[in-house]
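This report goes through one protein model for a reader who has not seen it before. Please look over the sequence and the structure below before reading on.

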Amino acid sequence: MDAAARRGHVAALFDQLAAGYDQGGVPWFIPIGARLVELTRPRPGDRAIDIGSGRGAASFALLEAVGPRGHVSAVDLSPAMVERLRAEAADRGITHLEVQVGEASPDRLAAASFDVGTASLVLFFDPEPERTFARWLSLLRPGGRIGLSTFGPTDAAWTAAEAVLLRYAPPALLDARTSGRVGPFASTTSMSALFHRAGALEVDSHDEPLEVVLPDALAWRSWTMTLGLRQLWEAVPPGDLPDVLNDVETALEADRGDDGLLHLTQQVRYTTGSAP
Ligand SMILES: C[S@@+](CC[C@H](N)C(=O)[O-])C[C@H]1O[C@@H](n2cnc3c(N)ncnc32)[C@H](O)[C@@H]1O
């Protein structure tokens, strides 16, 4: 499958997820997007781009930071995500947000035309992350700031639960839990190296914990079915599902706290830099 076909597969996944996306009651994309924007340091009046905007977790934080004199462009491969973001912006009466379907490509957007760019939980879905990141960086003016969020490690119980699903992952699946843990995504050092290879300056990459609190393994399944992780659940043959759920439940029990709830921790990796 070539790169365009693989991106088409990613767009189709997020078209399918768009309706329930981030509606599961678990604070996840919004705190990650808000923290990413904070670390990327947009200023009032900036022209900003949010790449892989989804339903706007980072776009709305960017809009607030750049203020009414600034401007935000949001791009996403998934038409359904873009439609939801457009509707939400209209509901909020926002006029300085431009929303487009597609890639953040220099073929469609002028080089060096943005002061700040974000991509929250996006790059690990791309079949050519090195090349794609260099193209994103070229959209920023010299000294412009770029910030990416990706994932660091999960706690031991969460890792064990995902390992149950990863047994079924199809080869070359583009997902935070497969492609998102290898190569440039493996560590803060390798993320910094990705930025440096593209020519970025003032690079910082570090992990911050995010806790997810859920009652049980079934709630974890319901929530993860609204994420990219749905791809892994869908790869489980129906006949294996009861055993898989049982193994996931056993794994997650190690995170049950004194309050009777599961406390799961994901390290979120924030990497920022500036354009040369
Ligand atoms: C996990 S979601 C994150 C969405 C949003 N940034 C957030 O934090 O809620 C990933 C999004 O990136 C989009 N996407 C993946 N690869 C992309 C690319 N190369 N260019 C633009 N959008 C992309 C997907 O369609 C999807 O909406």
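## Residue N246

In which helix is N246 found? This is a predicted model, and in it N246 belongs to helix α10, which covers residues 241-252.

Is N246 buried or exposed? N246 has 12 C-beta neighbours inside 10 Å. A residue with 12 or fewer counts as exposed, so N246 is placed in the exposed class. N246 and V72 are 174 residues apart along the chain, and a distance of 45 Å separates their C-alpha atoms.

## Around the ligand

The ligand is surrounded by 26 residues. The closest of them are F14, F29, G52, G54 and A57. Two or more residues of the shell come from each of these elements: helix α1 (3-17), helix α2 (29-40), helix α3 (57-66) and strand β2 (71-76). The largest share belongs to α1, which supplies 4 residues.

What is the make-up of the shell in nonpolar, polar and charged residues? The shell around the ligand holds 14 nonpolar residues, 8 polar residues and 4 charged residues.

Strand β7 spans residues 262-274. Because 10 of its 13 residues are buried, β7 is largely enclosed by the rest of the structure.

Two strands are paired with β7 here. Strand β5 (residues 140-154) runs antiparallel to β7 and is joined to it by 8 bridges. Within this pairing, I146 has G273 of β7 as its bridge partner. Strand β6 (residues 201-214) is also antiparallel to β7, with 12 bridges joining the two. E211 stands opposite T265, a residue of β7.

## Nonpolar cores

Which residues touch the most other members of the largest nonpolar core? They are A48, I51, L62, V72, A104, W136 and L139, in a core of 56 residues. Helix α3 gives the most to this core, with 8 residues. Apart from this core lies another, of 13 residues, which includes A157, A161, A251 and L262.

Leaving aside neighbours within four places in sequence, L139 is in contact with I49, A104, P106, L109, A111, S113, F114 and G117. One of these, A104, is also listed with L139 among the residues that touch the most other members of the largest core.

Notes
Residues numbered from 1 in each chain as written. Predicted model: local features only at pLDDT ≥ 70, side-chain atom pairs only at ≥ 80, totals over all residues. Buried ≥ 20, exposed ≤ 12 C-beta atoms within 10 Å, placed from the backbone. Near = placed C-beta within 6 Å. Nonpolar A, V, L, I, M, F, W, Y, C, P; charged D, E, K, R; others polar. Pairing = 2+ DSSP bridges. Core = buried A, V, L, I, M, F, W, Y, C linked by C-beta atoms within 7 Å. Contact = placed C-beta atoms within 7 Å.
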